[in-house]
Amino acid sequence: MERYALTGTPGTGKTTISALLQNDLISLSDYYEKFSDGKTKDGEWVVNIKRLESSIKSLEWEIAEGNFSHLLSIIDKVIVLRCDPAVLVNRLKERNYSRKKIRENLEAEAMGIIYSESVRNYGVENLIQVDTSKKTSKQCSIIIRNYINNNIKVEEEIDYLERILDWY
Ligand SMILES: Nc1ncnc2c1ncn2[C@@H]1O[C@H](COP(=O)(O)OP(=O)(O)OP(=O)(O)O)[C@@H](O)[C@H]1O
Ligand SMILES: [Mg+2]
């Protein structure tokens, strides 16, 4: 069975969409505490990916959900969730994130960092991007199900780099 990473910048919808998928799924955030080498001064877990990976390798799952799941070496394909920064900002403002953390996440999404890392690790042929900005989570889950079950790739042209210009 092939294994998938469901990744994306915080707020793009990994957890929300996961709940609509029927596949065996693990959330990497459930393992952060156990496999971390402490926390940063901003309170983020410093996850030891190698240790986490060796522990989840033998578990039964088809999708690993989390914003560094695309950095695992034990998956076959990647699903990258994207979101227009102009929409993402509102999703992140609903969380009690600092202004700095919101800005960092918006910049990362505008620059497509997770997408680039996924391409570097797995290649464009082994991934799809799903833009969640204007779709419902249900619509997104159908696209993902079609990719996993039928290998149907819905190609989306996504480029939010110009959003950064709006901020200056
Ligand atoms: N098409 C969509 N798909 C997923 N979520 C959506 C969509 N449209 C709106 N949303 C909203 O966006 C938010 C996504 O939050 P969610 O916690 O699922 O993100 P996440 O990627 O898991 O973030 P984190 O990395 O912090 O865990 C939710 O409030 C959800 O209702
Ligand atoms: Mg989540």
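Biologist: How far is an oxygen atom of ligand 1 from an N or O atom in the side chain of Arg 95, and what surrounds the ligand?

Modeller: The distance between the oxygen atom of ligand 1 and the side-chain N or O atom of Arg 95 is 2.7 Å, a polar contact (N or O atoms within 3.5 Å). This is a predicted model, in which local features need pLDDT of at least 70 and side-chain atom pairs pLDDT 80 or more, while totals for chains, interfaces and linings use all residues. Residues are numbered from 1 along each chain, chains are lettered from A and ligands numbered from 1 as written, and side-chain values use heavy atoms, without hydrogens or water.

Lys 14 also meets an oxygen atom of ligand 1, through a polar side-chain atom at 2.7 Å. Thr 132 contributes a polar backbone atom, which lies 3.3 Å from a nitrogen atom of the ligand. Taken alone, ligand 1 exposes 640 Å², and the protein buries 71% of that (Shrake-Rupley, 1.4 Å probe).

In total, 17 residues surround ligand 1 (a heavy atom within 4 Å). Lys 14 and Arg 95 are among the closest, together with Thr 15, Thr 16 and Lys 135. By class, this shell holds four nonpolar, nine polar and four charged residues, Gly being counted as polar. Helix 1 supplies the largest share of the shell, four residues.

Ligand 1 takes up the space of the largest pocket (over half of its atoms within 2 Å of the grid points). A pocket is an open set of points on a 1 Å grid, for a 1.4 Å probe, with protein on both sides within 12 Å along at least five of seven lines, lined by residues with an atom within 4 Å.

The volume of the largest pocket is about 1200 Å³. Its lining comprises 44 residues, with Pro 10, Glu 44, Asn 67, Tyr 97 and Asn 105 nearest the centre. These 44 residues divide into 14 nonpolar, 17 polar and 13 charged. Helix 4 gives the most to this lining, five residues.

Terms used. A polar contact is a pair of N or O atoms within 3.5 Å; within protein, one must be able to donate a hydrogen and the other to accept it, and residues adjacent in sequence count only if both atoms are side-chain atoms. Helices (H or I, at least four residues) and strands (E, at least two) are DSSP runs, numbered from the N terminus. Grid points are joined across faces, edges and corners, and a volume is the space filled by probe spheres set on the points.
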